[in-house]
Amino acid sequence: MQEPGIVLTFDDDYIDNWYTYLPLLDSAGAKVTFYVCKYNRFTAEQKRKLTVIKNHGHEIAFHSTSHYNMPEYVYKYKHTLEELMRCEIEAGLKLMNNDGFYPVTFAYPYGAHNGLFDKTLMRYFKSVRALNGTQDFSKSIIPSAKNDLLFGLGIDKSSKRSDADIISMLESAKRNNTCAIFVAHRINTASKFSITLERLKNIFAYAKANNLKYYSVSEISD
Ligand SMILES: [Zn+2]
């Protein structure tokens, strides 16, 4: 039987911030997925931190080489799909592979995608994640297996989602043996693209009190 759960994802290259909060994630028993971009700019120390994060059981996933808006890259700036895949997927993946990171899931920069990109990226990844920019929270409450296209709900300060929205999604996941998938960027910084510590701790508390399982994205993509 499927266990109800929660899929927490963090995007971009905020490796130092994530590393700072690794003890908090560990103490909550939270296993999360970090979608990484701009790996070519990581310092040796940041690569070491990413290895530690991976070794603590978190998933290291892929968020493109340079964080371009992919539809704009192709349709506005007139690159081919092949160029997109070579530069924004293969080049960045290769750098990570060389250092022992093998991402198997992908998140679109800005959530910008289309059916052609989804189909093409399935040659490289088990699943692709876009964003749920709607008030239809059910798009972000999903089965705990066999997902290939995911719509994460933003929970940073910028998202304007309320704690009540988030808890009601977790309640729904619990009731239906499904998973709620969320997207954040940094933890507890002044940037609006951060989740507050209070919100993160509320989520952890609900998950603990209700025995929600933490799923990585690769787990729910099989
Ligand atoms: Zn991003």
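Predicted model: local features only at pLDDT ≥ 70, side-chain atom pairs only at ≥ 80, totals over all residues.

Biologist: Gladly noted! Which residues coordinate the zinc ion?

Modeller: Donors are N, O and S atoms within 2.8 Å of the metal (3.2 Å for Na, K and Ca), and water is not among the atoms, so sites may look incomplete. In sequence the donor residues follow the spacing D-x50-H-x3-H. At 2.1 Å, the zinc ion is coordinated by Asp-12 (OD), His-63 (NE2) and His-67 (NE2).

Biologist: Are His-63 and His-67 buried or exposed?

Modeller: The test is relative accessible area: under 20% is buried, over 50% is exposed, and partly exposed lies in between (1.4 Å probe, protein chains only). By that test, both His-63 and His-67 are buried.

Biologist: Which side chain makes a polar contact with that of Ser-127?

Modeller: Ser-127 lies in strand β5, residues 127–131; strands (E, at least two residues) and helices (H or I, at least four) are DSSP runs, numbered from the N terminus. Ser-127 has a relative accessible area of 0%, so this residue is buried. A polar contact is a pair of N or O atoms within 3.5 Å; within protein, one must be able to donate a hydrogen and the other to accept it, and residues adjacent in sequence count only if both atoms are side-chain atoms. At 2.9 Å, the partner of Ser-127 is Ser-221.

Biologist: What is the handedness of the crossover from β7 to β8?

Modeller: Strands pair if DSSP finds at least two bridges between them, and β7 (residues 149–154) and β8 (residues 179–184) are parallel, with two bridges. The chain passes from β7 through helix α7 (residues 163–176) to β8. A crossover is right-handed if, with the strands pointing away from the viewer, the path from the first strand over the helix to the second runs clockwise. This β-α-β crossover is right-handed.

Biologist: How many disulfides does the whole structure have?

Modeller: A disulfide is a pair of cysteine sulfur atoms within 2.5 Å. For Cys-87, the nearest cysteine sulfur, that of Cys-37, is 16 Å away. The search of the whole structure gives zero.

Biologist: Is Cys-179 buried or exposed?

Modeller: Cys-179 sits in strand β8. Contact means heavy atoms within 4.5 Å, and beyond four places in sequence Cys-179 touches residues including Val-7, Ile-141, Pro-143 and Tyr-215. Because its relative accessibility is 0%, Cys-179 counts as buried.

Biologist: And where is Lys-78, a residue with positive phi?

Modeller: Most residues other than glycine have a negative phi. Lys-78 has a phi near 60°, and its relative accessibility of 67% means that Lys-78 counts as exposed. Its place is the loop between α4 (70–76) and α5 (81–98).

Biologist: What is the phi of Asn-211?

Modeller: Asn-211 is in the loop between α8 (197–209) and β11 (213–214). With 63% relative accessibility, Asn-211 counts as exposed. Its phi is positive, near 55°.

Key. Residues numbered from 1 in each chain as written. Heavy atoms only, no water.
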